[in-house]
Amino acid sequence: GLLAVWVGGAAGQVGAFLLSRYLLGRSVSGLLKGSRLWASVDAAIESGEGWKLLLLLRLSPVIPYNLLNLAAAATSVGLVPFALASAVGIVPECTLLVYAGERIRKKRGKERERGRGRAASGEKKKNSLFSNSSFFRSQAPSPSPSPRSSRAPPPRSTGRSRGSSGV
């Protein structure tokens with residue numbers, strides 16, 4: 001799981017970097033040139049050790065990955081330093097996401113097993129993960145049509161009261 005998520009994330013970052021550099025490079029550069037913050041980040045990246053800054057920026061949970069891909073493409077950082085720093089920088093998040101997904105999968109597996117045991121013993125099965133949410137209960141269709149839905153709708157009012165001739 002982790003290897004697949006990590007490889008997919010790294011490949012996606014490199015793809016976004018290349019698309020940004022060669023298709024959107026001038027547009028992104030034009031947008032970022034007026035910013036003093038961007039000027040300092042760009043100078044730090046061009047100092048020769050830009051991969052360190054990219055690695056730190058990847059580790060930051062505040063900066064969106066797609067924004068960093070676009071911004072890095074507008075700098076002079078090479079593809080290999082970008083790819084390596086980005087690949088290392090996403091390991092913690094990938095690990096966390098795979099771990100959380102595995103925990104959810106195991107929990108659901110245990111719930112299914114308990115549900116099968118209840119069904120065999122005649123116990124009523126509880127709903128899934130969202131069973132306590134009033135939103136999901138209110139959005140669920142009713143099990144049978146209400147008595148009102150089987151009748152024809154009431155006639156529409158024409159705006160006149162009964163008995164008035166409208167003259």
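Q: Which residues is Gln 13 in contact with, leaving aside its neighbours within four places in sequence?
A: This is a predicted model, where local features need pLDDT of at least 70 and side-chain atom pairs count only at pLDDT 80 or more, while totals for chains, interfaces and linings use all residues. Residues are numbered from 1 along each chain as its sequence is written, and side-chain values use heavy atoms, with hydrogens and water left out. Taking contact as heavy atoms within 4.5 Å, the partners of Gln 13 are Arg 58, Tyr 65, Asn 69, Phe 82, Ser 86, Ala 87 and Ile 90.

Q: Is Gln 13 buried or exposed?
A: Gln 13 sits in helix α1. Helices are DSSP runs (H or I, at least four residues; strands are E, at least two), numbered from the N terminus. Buried means under 20% relative accessible area, exposed over 50%, and partly exposed in between, with a 1.4 Å probe and protein chains only. Because its relative accessibility is 4%, Gln 13 is buried.

Q: How many helices does the chain have?
A: Read along the sequence, the pattern is α-α-α-α-α-α-α. There are zero strands, and the helices come to seven.

Q: What share of the contacts with a separation of 6 or more joins residues 24 or more positions apart?
A: The chain has 167 residues, of which 18% count as buried. Among its contacts at a separation of 6 or more, the share from residues 24 or more positions apart is 76%.

Q: What covers the buried residues of α4?
A: The buried residues of this helix are Leu 68, Asn 69, Ala 71, Ala 72 and Ala 73. Their cover includes α1 (2-23), α2 (25-32), α3 and α5.

Q: How far apart are the C-alpha atoms of Val 28 and Ala 71?
A: Val 28 is in helix α2 and is buried, with a relative accessible area of 12%. Beyond four places in sequence, Val 28 touches Leu 70 and Ala 74. From Val 28 to Ala 71, 43 residues apart along the chain, the C-alpha separation is 7.1 Å.

Q: How far apart are the C-alpha atoms of Gly 25 and Ala 73?
A: Gly 25 also belongs to α2, and it counts as buried because its relative accessibility is 13%. Gly 25 and Ala 73 are 48 residues apart along the chain, and their C-alpha atoms are separated by 6.8 Å.

Q: Which residues is Gly 78 in contact with, leaving aside its neighbours within four places in sequence?
A: Gly 78 lies in the loop between α4 and α5. At 28% relative accessibility, Gly 78 is partly exposed. The contacts of Gly 78 are Phe 17 and Arg 21.

Q: Which element gives the most to the lining of the second largest pocket?
A: A pocket is an open set of points on a 1 Å grid over the protein atoms alone, where a 1.4 Å probe fits, with protein on both sides within 12 Å along at least five of seven lines; lining residues have an atom within 4 Å of a point. Here 13 residues form the lining, and Trp 38, Val 41, Ile 63, Leu 67 and Ala 71 lie nearest the centre. Two or more lining residues come from each of α3 and α4. With six residues, the element giving the most is α3.
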